[in-house]
Amino acid sequence: MSAAESAVETIQREMTSFARRARASAGRMHPELSLVSYTLLGHLEESGGCRATDLATHYALDKSTVSRQVATLERAGLIERRLDPEDHRVQVLHLTEAGQQILAHVTRSRRTAFRERLAGWPEEDLVRFAAYLERYNAGPGTAEPDRGAGEEPRSGIPGP
């Protein structure tokens, strides 16, 4: 096995471990909510609200999966449906006050956990790791994260 093949195997194993930890920690923060639920709440906050079909498209999820998640979040009182002011046939999902509060709590808890896990890492390693994650999440074969024209990299590492 080449060094590159070995590295890819290690990355796969470590990303799987990361995903398992993330799912487990999501359950500890709010037992009825999955990691997908938290992700959807975060997107609703960032976007200021959107349709369920937009969530499905954005995350490449099946509409039935999003529908189940949305139903769970509605029952928990974390999101609500509102009519789109421009098209009253469309319902837009928004965070409720309770949804905003739980998302803020989860965000604080996750930041604390990341800071604890990364404590002692040199700043250069943190910046490089952040850039690698952005690059990985940008998609297959992408050398750099997708940015708007003139936008600086969030990691602090200059682009090409």
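1. How many residues apart are R128 and E124 in helix α6, and about how many helical turns separate them? The two residues lie 4 residues apart in α6, which spans residues 123-138, so that about one helical turn separates them. Helices here (H or I, at least four residues) are DSSP runs, numbered from the N terminus.

2. A word on the basis of this note: the model is predicted, local features need pLDDT of at least 70, side-chain atom pairs count only at pLDDT 80 or more, and totals for chains, interfaces and linings use all residues. Residues are numbered from 1 along each chain as its sequence is written, and side-chain values use heavy atoms, with hydrogens and water left out.

3. R128 and E124 form a salt bridge, with their closest N and O atoms 3.3 Å apart; the term stands for a side-chain nitrogen of Lys or Arg within 4 Å of a carboxyl oxygen of Asp or Glu. R128 is partly exposed at 34% relative accessibility, whereas E124 is exposed, with a relative accessible area of 53%. Salt bridges that share partners join E124 and R128 with D125 in one network. For these words, buried means under 20% relative accessible area, exposed means over 50%, and partly exposed lies in between (1.4 Å probe, protein chains only).

4. The count of salt bridges comes to 7, and two further examples can be checked in the structure. E74 and R81 meet through their side chains at 2.8 Å, N to O; E74 is partly exposed, with a relative accessible area of 29%, and R81 is partly exposed too, at 40% relative accessibility. The side chains of D87 and R89 meet in a salt bridge at 2.9 Å, N to O, where D87 is partly exposed with a relative accessible area of 22% and R89 is exposed with 75%.

5. Turning to helix packing, α3 (residues 52-59) and α4 (residues 63-75) pack at an angle of about 125°, with their axes 9 Å apart. Axes are lines fitted to C-alpha atoms, for helices over the stretch in contact, and angles run from 0 to 180 degrees between N-to-C directions. The two helices are therefore oblique to each other, given that angles under 35 degrees count as roughly parallel, over 145 as roughly antiparallel, 65 to 115 as roughly perpendicular and the rest as oblique. Where they meet (heavy atoms within 4.5 Å), A52, T53, L55 and A56 in α3 face K63, V66 and V70 in α4. By class, this contact has 5 nonpolar, 1 polar and 1 charged residues; Ala, Val, Leu, Ile, Met, Phe, Trp, Tyr, Cys and Pro count as nonpolar, Asp, Glu, Lys and Arg as charged, and the others, Gly among them, as polar.

6. Helix α3 also packs with α2 (residues 35-47), at an angle of about 110° and with the axes 11 Å apart, and α2 and α3 are therefore roughly perpendicular to each other. T39, L40, H43 and L44 in α2 meet L55, H58 and Y59 in α3, a contact that by class has 4 nonpolar, 3 polar and no charged residues.

7. A last point concerns A60, in the loop between α3 and α4. Phi of A60 is near 55°, a positive value in a residue other than glycine, and at 70% relative accessibility A60 counts as exposed.
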